[in-house]
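Below is a short briefing on one protein model. It covers a set of side-chain contacts, the aromatic rings and the strands.

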Amino acid sequence: MKILKDWGAILKINGVKIKGRDFSGVDCRGHSFRGMESYDANFSNGNLTDVDFNKVWFIGVNFSGANLLRAILSNATLNACDFSSANLTQVNLANSRLNLSSCAGAIFKGAILENTELRQADLTDADFTNSYLRKANFFEANLTGADFTNADLTGATMPDGTIHD
């Protein structure tokens, strides 16, 4: 795995705009990408443990197979992104938008997705065990095989538009 070079300090790439940048397989643990804007960047199979992606604006970014353990992705726009088979355990996605994103086989165990939009997202076989999904919006999302064991879905909008009690 490649390691992101930062001359001995935590790298902060705050507010930068990038297109098509390849971070695939890179170890970015603990770095900050806060406020970054990106189209088509590739973070697939990277180690993004404890990374700060707060308030990012990403369209079509690839996170497939990445480890995002405890990453902060709150207040973010992550539309049409690929999170398939990614580890999103204990991630904070509160108040974010993942509309039209692919999260097939992703692990969201213990994650916070309060007020998160997942409209028309592919959540096939995703694992939301013990997650906090209050007021999440799953309208027209594919939840086939998704696991919501012990998840809090209070006020969540389900694929058919009904509100969960």
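Leaving aside its neighbours within four places in sequence, which residues is Thr124 in contact with? They are Cys103, Ala104, Gly105, Asn142 and Thr144, where contact means heavy atoms within 4.5 Å. This is a predicted model, in which local features need pLDDT of at least 70, side-chain atom pairs count only at pLDDT 80 or more, and totals for chains, interfaces and linings use all residues. Residues are numbered from 1 along each chain as its sequence is written, and side-chain values use heavy atoms, with hydrogens and water left out.

**Thr124**
- Thr124 is placed in the segment after β6; strands are DSSP runs (E, at least two residues) numbered from the N terminus.
- The side chains of Thr124 and Asp122 are joined by a polar contact of 2.5 Å. A polar contact is a pair of N or O atoms within 3.5 Å; within protein, one must be able to donate a hydrogen and the other to accept it, and residues adjacent in sequence count only if both atoms are side-chain atoms.

**Aromatic rings**
- The whole structure holds 16 aromatic pairs. Rings of Phe, Tyr and Trp (its six-membered ring) pair if their centres lie within 6.5 Å; planes under 30 degrees apart count as stacked, over 60 as edge-to-face and the rest as tilted.
- Phe63 and Phe83 are stacked, at 4.7 Å centre to centre with 5° between the planes. Phe63 lies in the loop between β5 (57-59) and β6 (77-79) and Phe83 in the segment after β6, so the pair ties together parts that are 20 residues apart in sequence.
- Phe63 and Phe83 are both buried (under 20% relative accessible area, with exposed over 50% and partly exposed in between; 1.4 Å probe, protein chains only).
- Phe138 and Phe148 have ring centres 5.9 Å apart and planes at 80°, so this pair is edge-to-face. Phe138 has 0% relative accessibility and counts as buried.
- Ring pairs join Phe23, Phe33, Phe43, Phe53, Phe58, Phe63 and Phe83 in a cluster.
- Over the ring of Phe23 sits the charged end of Arg21, 5.3 Å from the ring centre (the rule is NZ of Lys or CZ of Arg within 6 Å of the centre and within 35 degrees of the ring normal).

**Strands**
- An open sheet of four strands runs in the order β2-β4-β5-β6, with parallel pairing; two strands pair if DSSP finds at least two bridges between them.
- β2 (17-19) and β6 are at the edges with a single partner strand each, so one side of each has no neighbour in the sheet.
- Three bridges pair β2 with β4 (residues 37-39) in the parallel sense. The bridge partner of Lys19 in β4 is Tyr39.
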